[in-house]
Amino acid sequence: METTKKNNKALVGIFAFCACAMANNMTMAIIAYIMQSYSNVSPTVVSQLLAIPSLIGTAFAFFVGTLNTKFNVKSLMIFVQAALFASGMMYFLLGGKAPIYVLYVAAGLVGLNQGSMMTLLSVMLSKLFDDPQKRSSVYGICTAIQNIGGVFFSVVGGALAVNGWTKAYMLYFLIIIAIIFEILFLPGGEPEGAKAPAHADAPKQNVGRMPITVYVIAIHYFFFFLWLYVYGSNVSEYIINTYKLGTSVEAGLATSLVTGGGIVAGAFFGQYSKVLKKCTVPFMMGCTIVGLGLPLFCTTNIIAVYAGGLLNGFAMSGCAPYIMAELGKVAPGPQYAKAMSIFSGFMNLGMCVAITVIAFITQLVCGDGSNMHYKFMVGFVGTIICMITAIPIYVLRKDKEQA
């Protein structure tokens with residue numbers, strides 16, 4: 001009973017962390033207003049505010065697992081959210097006044113949070129829940145809360161930005177409340193791996209080289225995320241310019257449905273994962289095949305595009321909790337933080353290079369890197385390959401302790 005009370009108390013801090021973790025979605029929603037403030041600067045230069053968090057996040061994602069051997073996970077969670085708050089204050093106080101390159105620093109601070117939130121959240125949950133199924137279910141709820149928080153910041157921030165885009169960043173004061181909850185409710189403890197085994201005959205499975213399976217899972221997800229990103233990075237142009245199915249209103253709804261699918265996947269992960277079991281990841285990748293196939297083959301139907309967004313969001317957020325549990329089996333104990341760090345790093349790397357890689361492959365396939373039909377074809381075929389290769393990785397692989 002005491003343990004249950006402690007876990008419930010800790011969940012208050014965890015959910016507070018999750019609610020603000022995707023606050024930077026707001027910047028994507030109001031980037032057009034920021035461009036207006038810097039009308040003397042190339043829109044391409046301003047748009048780098050959206051790319052910098054991914055770049056910094058990729059580098060920090062690979063590093064945060066090692067950092068967790070020096071500092072406990074609670075301290076790191078508070079640190080990255082403090083960095084997120086600082087970035088918002090820079091936008092709020094300096095936006096439209098300071099040179100655009102000053103805001104690049106603010107965007108870089110966002111990357112610390114973006115690159116580490118999955119790793120830190122996973123490690124914190126591993127401390128609280130020994131049962132992998134329970135841990136995955138709670139992670140699913142956390143994913144839903146993250147997506148809901150992202151929608152809140154985007155919608156409310158967009159409304160505030162109409163009367164001056166810097167006012168939208170007043171919402172970042174909510175992060176202070178989240179940090180207070182984290183300080184009060186998150187458990188502390190030692191950094192991962194801070195204490196060596198007490199006896200010579202103590203288990204050594206958590207010490208040494210990272211299991212190759214960790215890299216296989218991370219690289220496999222890198223490619224999946226790469227193909228999945230075809231939808232998010234192209235749907236606006238697809239709807240407005242290529243097939244003329246609507247305006248920015250329809251494009252915004254399509255993007256929002258990706259988040260909606262993520263909310264549904266996170267909220268009900270505990271239920272459907274019990275049915276799918278080892279087939280969870282291949283099933284989710286199958287959803288993405290349909291999610292990319294609908295806009296590929298139904299180019300005159302906006303409803304098909306909406307359904308594709310919903311399925312893609314469902315698949316992305318449905319994979320994460322299951323993979324988190326799998327990595328816990330493959331790399332238990334102190335290695336888990338580093339394993340999640342590697343996984344998160346490859347995921348962020350996929351986000352960084354997706355647009356360039358997809359354009360390059362499309363150029364090879366049809367001679368035109370901007371061809372919308374073939375971009376979706378590349379993602380569609382790539383995801384089919386990912387689903388097939390997921391079977392030996394997740395379904396056929398036998399669970400065993402690290403040697």
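Predicted model: local features only at pLDDT ≥ 70, side-chain atom pairs only at ≥ 80, totals over all residues.
Residues are numbered from 1 along each chain as its sequence is written, and side-chain values use heavy atoms, with hydrogens and water left out.

Let me begin with helix packing, where helices are DSSP runs of H or I with at least four residues, numbered from the N terminus. Helix 8, residues 212-242, packs against helix 13, residues 335-366, at an angle of about 40°, and their axes are 7 Å apart; the axes here are lines fitted to C-alpha atoms over the stretch in contact, and angles run from 0 to 180 degrees between N-to-C directions. That angle makes helix 8 oblique to helix 13, since angles under 35 degrees count as roughly parallel, over 145 as roughly antiparallel, 65 to 115 as roughly perpendicular, and the rest as oblique. The crossing of helix 8 and helix 13 is right-handed, a term that applies if the near helix is turned clockwise from the far one by less than a right angle, anticlockwise being left-handed. By class, this contact of helix 8 with helix 13 has 25 nonpolar, two polar and no charged residues, with Ala, Val, Leu, Ile, Met, Phe, Trp, Tyr, Cys and Pro taken as nonpolar, Asp, Glu, Lys and Arg as charged, and the others, Gly among them, as polar.

What about helix 6 and helix 12: at roughly what angle do they cross? The axes of helix 6, residues 132-161, and helix 12, residues 302-330, cross at roughly 145° and come within 9 Å, and the crossing is right-handed.

Turning to burial, I call a residue buried under 20% relative accessible area, exposed over 50%, and partly exposed in between, with a 1.4 Å probe and protein chains only. In helix 10, residues 269-276, the buried residues are Phe 269, Gly 270, Tyr 272, Ser 273 and Leu 276, and what covers them includes helix 6, helix 9, helix 11 and helix 12. Helix 11 is itself mostly covered, with 14 of its 18 residues buried.

Asn 113, in helix 5, counts as buried at 2% relative accessibility; leaving aside neighbours within four places in sequence, Asn 113 is in contact with Phe 17, Ala 21, Val 80, Gln 81 and Leu 84. Val 46, in helix 3, is buried with a relative accessible area of 0%, and among the residues it touches is Ile 100, which is 54 residues away in sequence yet 7.0 Å away in space, C-alpha to C-alpha.

Finally, the backbone of two lysines. Lys 244, in the loop between helix 8 and helix 9, has a positive phi near 50° although the residue is other than glycine, and Lys 244 is exposed at 63% relative accessible area. Lys 277, in the loop between helix 10 and helix 11, also has a positive phi near 50° and counts as exposed at 55% relative accessibility.

Key. Contact = heavy atoms within 4.5 Å.
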